[in-house]
Amino acid sequence: MRYEKNCTKIGGLKKRGGAVRTQKTRKVFTMLLACFFCFGLSTTAFAASECQDTITVNEAGATETYIGDYASESIFKSEQDTITVNEPGAIETYIGDYSTKRSFTPELETITPNEPDATNYLARATYTLSNVSKPISYNLFKPVSDYVAYPGTVSVSKGVTTTVTASVTGGGGVDVAFLKTNISGTIGSSAAFTTTQTISYPTTKGYKGRIILRYYQEQYTYDVTKLGVKYAGSAFTEAHDQYYALQQVAL
């Protein structure tokens with residue numbers, strides 16, 4: 001009986017010891033789960049932070065205005081882009097620059113008349129410029145010959161002169177000299193291009209062709225304030241970067 005009691009006690013101790021170990025195991029397992037859970041949350045947050053953070057590089061002090069997504073379209077992005085004027089349906093072949101250039105400012109464009117200042121009875125009024133735009137570049141052309149149909153050859157003789165003017169419009173009658181000083185030195189200056197040799201080129205079958213003079217000009221827009229009144233103005237610069245080309249259209 002003593003032995004059985006002892007065995008019973010020992011068995012009871014074993015049971016209690018097993019229960020204690022089970023409780024400890026559960027506590028450790030619970031702690032491990034909590035650690036894994038916290039680690040998982042922190043890893044997810046770190047990963048989300050790594051993926052979602054964006055580093056934006058800006059021009060110092062600049063402001064931006066959203067335009068839109070036009071990646072697949074051709075849009076006019078800057079005033080400095082070149083606007084090319086073409087003959088509808090025409091194809092062009094570059095020939096080259098065979099000209100001499102003479103620049104001049106027409107007398108009538110040198111000084112345009114201003115209204116007198118009625119208050120101070122001055123012959124000329126003073127004016128100020130504002131809102132001067134960046135130049136817009138134009139690639140323009142002028143015909144130098146008539147059309148000649150295939151199988152003919154189009155040609156221009158030596159000594160033929162083509163004059164390109166630089167118009168100045170609006171602006172309340174502002175002096176061109178004033179615009180030259182304050183915007184661009186070639187505003188209002190005309191240019192005369194004279195061929196230095198005879199230019200000949202055969203036309204293509206099914207087409208008629210002519211010789212043209214290609215050139216570039218820049219246009220500025222601005223406001224002129226005179227006697228308290230604001231006028232909108234526009235002015236072209238002198239033609240430059242000229243060359244001759246064969247322009248052909250289908251018959």
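Which residue stands opposite Ser-190 in E10? That place belongs to Phe-104.

## Before you start

This is a predicted model, where local features need pLDDT of at least 70 and side-chain atom pairs count only at pLDDT 80 or more, while totals for chains, interfaces and linings use all residues. Residues are numbered from 1 along each chain as its sequence is written, and side-chain values use heavy atoms, leaving out hydrogens and water.

## A three-stranded sheet

Let's stay with E10. Strands here are DSSP runs of at least two residues, numbered from the N terminus. Three of them make an open sheet in the order E3-E10-E8, with antiparallel pairing; two strands pair if DSSP finds at least two bridges between them. E3 and E10 (residues 190-195) are joined by six bridges.

E3 (99-104) and E8 (161-164) stand at the edges with a single partner strand each, so one side of each has no neighbour in the sheet. On average, neighbouring strands of this sheet are turned by 20° against each other, direction ignored (axes are lines fitted to C-alpha atoms, and angles run from 0 to 180 degrees between N-to-C directions).

## Two nonpolar cores

A nonpolar core is a set of buried Ala, Val, Leu, Ile, Met, Phe, Trp, Tyr and Cys residues joined through side-chain atoms within 4.5 Å. Buried means under 20% relative accessible area, exposed over 50%, and partly exposed in between, using a 1.4 Å probe and protein chains only. The largest core has 19 residues, and Phe-193, Leu-213 and Tyr-244 are among those with the most contacts inside it. E5, E7 (153-156), E10, E12 (207-226) and E14 each supply at least two of its residues.

Leaving aside neighbours within four places in sequence, Leu-213 touches residues including Val-144, Phe-193 and Tyr-244 (contact means heavy atoms within 4.5 Å). A second, separate core has nine residues, including Tyr-127 and Ala-235.

## Aromatic pairs

There are two aromatic pairs. Rings of Phe, Tyr and Trp (its six-membered ring) pair if their centres lie within 6.5 Å; planes under 30 degrees apart count as stacked, over 60 as edge-to-face and the rest as tilted. Tyr-94 and Tyr-243 have ring centres 5.0 Å apart and planes at 45°, so this pair is tilted. Tyr-94 lies in E2 (residues 91-96) and Tyr-243 in E14 (residues 240-250), so the pair ties together parts 149 residues apart in sequence. Tyr-94 counts as exposed at 56% relative accessibility, whereas Tyr-243 counts as buried at 18%.

The rings of Tyr-138 and Phe-236 have centres 5.8 Å apart and planes at 50°, so that pair is tilted. Tyr-138 and Phe-236 are both buried.

Methods. Helices (H or I, at least four residues) and strands (E, at least two) are DSSP runs, numbered from the N terminus.
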